[in-house]
Structures are given as structure tokens and as C-alpha cells.
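Here are my notes on how the inside of this one packs. Have it open while you read.

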Amino acid sequence: MKQSLQLRTSQHLALTPQLQQSIRLLQLSTLELHQELEQLLTDNPLLERLDDPLDRSLRLLSDGALSSTAAPAEAPPQPPGQEAPAAPAEAETFDGEAAGDSPAAAEGGDSDWSEASRGKAPDDEDSRPQLEAHHCTLREHLMEQMRVTVLELRDRALVELIIDALDDNGYLEESLDDILARLPQELEIDADEMRTALSLLQSFDPPGVGARNASECLALQIKRLPHIAMVTRRMALVIVEKHLAWFAQRDFNKLKKALDCDDEDLREAQTVIRQCNPHPGAVFASDVSDYVVPDVVVKRARNGWQVTLNNDVMPRLRVNAMYANLLKQGKGEGAMGAQLQEAKWLIKNMRQRFDTILRVAQAIVERQKNFFSHGAVAMRPLVLREIADTLGLHESTISRVTTQKYMLTPHGMFELKYFFGSHVATEAGGEASSTAIRALIVQLTGAEDPKNPLSDSKIADMLGEQGMVIARRTVAKYREALKIPPVSLRKCL
């Protein structure tokens, strides 16, 4: 085969850097968007942000008092003998909200925090910031009790050793023999001393701490519950020590036969057991809750439902006026020209991102009016292609918009993907949303008789009476997704 050079002309699609950035910004969540924006602001000096998140934050003075006003932003340095130039008419700006609509402007800024408005001297106690109290851990709580209860240093060391072996729930997962085997033999510590130290620990607060299993944890708490009849207390102890598996499975017939009691006695013992906490150490956990900020807000208006963007998540960007004038006068370098173009692209893509989110949210609200008026039971089937065809966008674009974007409604906070779901056929030839069926299952199980709960087959029959053709296994799948226990675990005495 002879080699040769040939020139061919062909057409193909290519993603420009601007389009790539637009797609990337569209699929980012609110948190990821602000993280990406902070990086771009650091890399590009021609891009500046008008709504600095730290502008309205409170600052502590050296004496511990709160600063009345935030420090003003410094103006960019100007050349000697030259006044600050005015913003050029062609400078790109993206404002998330108008300056007059700012909550701080309506409320008089930060003047409410000034000492003069409170009428208090700087030395007053109320002028000092109220700092968050130190969170007490389970170990600190137990150690404090040990210091005032156990006097012998040897006993303190053993109790502290067992405290260090507890998990977050307050359980002792490691056996005493394993703990004893790790200790040096020259200390001459025997098993009786370890059991005595464990008994001391189990007498501490919270009740049930230091237990080696759930049965022992519940038994320790039942023994310390006040104002319990002796017969009921003894029956509750027998249940948690010998028949806890039957109690968890709600097998009341076996329990009544094993305990030789009636429904009333078993019900009283069940009430006592339910007062116990199977995880006594969980109350000292320091889990931080995650909060979701909505991208759009839906409110009822005179002419229907109104969808607005959340101004708190919309950054206000603009091109730096001084650098833009320098480039306009031809005093800038080539690199700054490219950064100016990137800044304009970012502002344009940011505006396009929020416009697309608003359009998609409005289309969703338009098709799910019944949901906003009547709740989840009125949800209608909806797929991504339906919104894509309505707005003239690609289905992948709708998928990016609805991922990790949230809508605040009168019924709560929902991800935009929540309003999309599969459908189930009805006897009338229509379609019912799977979300609406889940809501009906929740209603039916919530209104059932606790002594005779509804089975999956019965729920399927009741939905069939309402015209929804649904199989029993589908009901079981939806029930498990809703974390509703099966019929055997929902039965009560």
C-alpha cells in the first residue's frame, strides 16, 4: 500500500469551552457551585463578587464585643493622579437580587446590633457574644461520675479502662477476658476485680451503659425504673433476658404461653420495656445536621402558583471596572484579554443556569398543580421527556437541572427529581403516579387497626377498589421503600 497525503473537508460537532462550562455549571449543586465560583474568583482578577458571604457576618472585637458594622471593602488601587473610573457601559454584571430588595437595606443594615440601639454599655454582660456551650461526650460524662464515686486509684484505673472500651452507643463489645489478657501480669488483676469495675460502671448514668448486649442493657434499665409493680417488673425482666427475640418479632402468642399470662399483663410489661432506651450512649453523640438550601421557592398567588428563584443562592458577579477600562484603552496584556472573555462567559453562563432552572421549575409546577393543592396523593405521572419537549431542551439537560436542585413548597422541601415518577395503569384506562400510590399506602397503614393491621394483599385489594391495578409484590416493594414494617411487626396487643 502506497502512502500519500490527502486533504478532506468534513463537518463534526465540537464542544466549545463556553459550552463545556455551561454544562458543568448546570449540573453542579448549590454548594458545589459556590465552591467552583470561589476558585474562579481566585484565578481571575477581572471577576469580582458583589455579595461577599462574609460582608454581613458579625465580627468579634479584641474585648469580646460584637462589631456593629462590617469592615468596608477596599477599593482597587488607582494609578497616581488618576481618579477612579466609572463602570463602563459594556461591563457584564449578574446580580442575584436588586440592591433595593436586600433584607439588610429594608431592616436598616446591621444597626440593630450596635451598642447604641441596645442602650447598653460595652461593659454589660449582654454585650458579650453568647458562645456555644461545650458538648459533653459520653466518656467525659462517665469520667466525671467516676471521680466523685470511686475513691481507690486502682479501681479508678480499671473503670477508666472499661470506659475507653465502650462504643458510641455505650455498649462494651470487648469481653472482660480480652481486656484482662491485655493487662500486664505483674499488676495481678483477677477477673473478680474486672467484674466489680464493670458493676460500678453499670451503676452510672445513663442507665444501661456498660451493657454487653441489648438484653443486658434493657434489663439494667428496667431494674432502675421507678414506680413499677414488682410483678410487672419481673415479667419485663424475663422477657428481655429470655424471650427478647419473640418480643422483637411481636410473637405475642408464644410470649403469653411461655409467661402464662393474659393480654393485660403482657401489655403492661410491654409498656415498661418501651420506656427503655436500647442505645443509652446515643444521646451524647455530636452528629451535625445537614441543611439544604432551596434553589426555587413556590408560593400561592392570586392567579395560581408562583415560582421564584431563591436570591440567597444566586451570586452577584461583575467585571472589575478598573481592569476593563485599562483593557479598553489598550493598556492590558493578552492574558488579561483572555481573562476578560472568561469572566464574561462565566457571567453569561451563570445567568443561563438560573434561567434554565426557573423554566424547568415552572414547567414542573404547571403539570403538578394538583400536588401543590392537594398533596402527594394527587401527584400525576411525569417523565423527563415531557418537560424536555415542552421547553425545547434535550432530555439530558433536564436530568442535569433536576439533580441536586431543591424546591421549597408549602408541603416541604423536595428535590426536583421527586416530581418525576413511573405510572401504574388504572381500570378506567388512565395512569396513576407511583408517588401517589406510596402516599395512599402511608394513609392506609396509618389509619389501620393496630390489633389487625393490613397485609400487602389487603392493601392491593383496597387500591384496586379505587381503580388502581397493582400487584401484591409491588405493594411490598413500595412499603419497604417507605420503611414501613411488615404486617407481623405492626401488630399490637
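**Notes on the packing**

1. Let's begin with Phe372, which counts as buried at 2% relative accessibility (buried is under 20% relative accessible area, exposed over 50%, partly exposed in between, with a 1.4 Å probe and protein chains only). Bear in mind that this is a predicted model, where local features need pLDDT of at least 70, side-chain atom pairs count only at pLDDT 80 or more, and totals for chains, interfaces and linings use all residues. Numbering runs from 1 along each chain as its sequence is written, and side-chain values use heavy atoms, leaving out hydrogens and water.

2. Phe372 and Phe419 have ring centres 5.8 Å apart and planes at 25 degrees, so they are stacked. (Rings of Phe, Tyr and Trp, the latter by its six-membered ring, pair with centres within 6.5 Å; planes under 30 degrees apart are stacked, over 60 edge-to-face, the rest tilted.) Phe372 sits in helix α16 (residues 369–374) and Phe419 in the loop between β7 (412–415) and β8 (423–425), so the pair ties together parts 47 residues apart in sequence. Helices (H or I, at least four residues) and strands (E, at least two) are DSSP runs, numbered from the N terminus.

3. Ring pairs also link Phe372 and Phe419 into a cluster with Trp305, Phe371, Phe414 and Tyr418. Phe371 counts as buried, at 1% relative accessibility.
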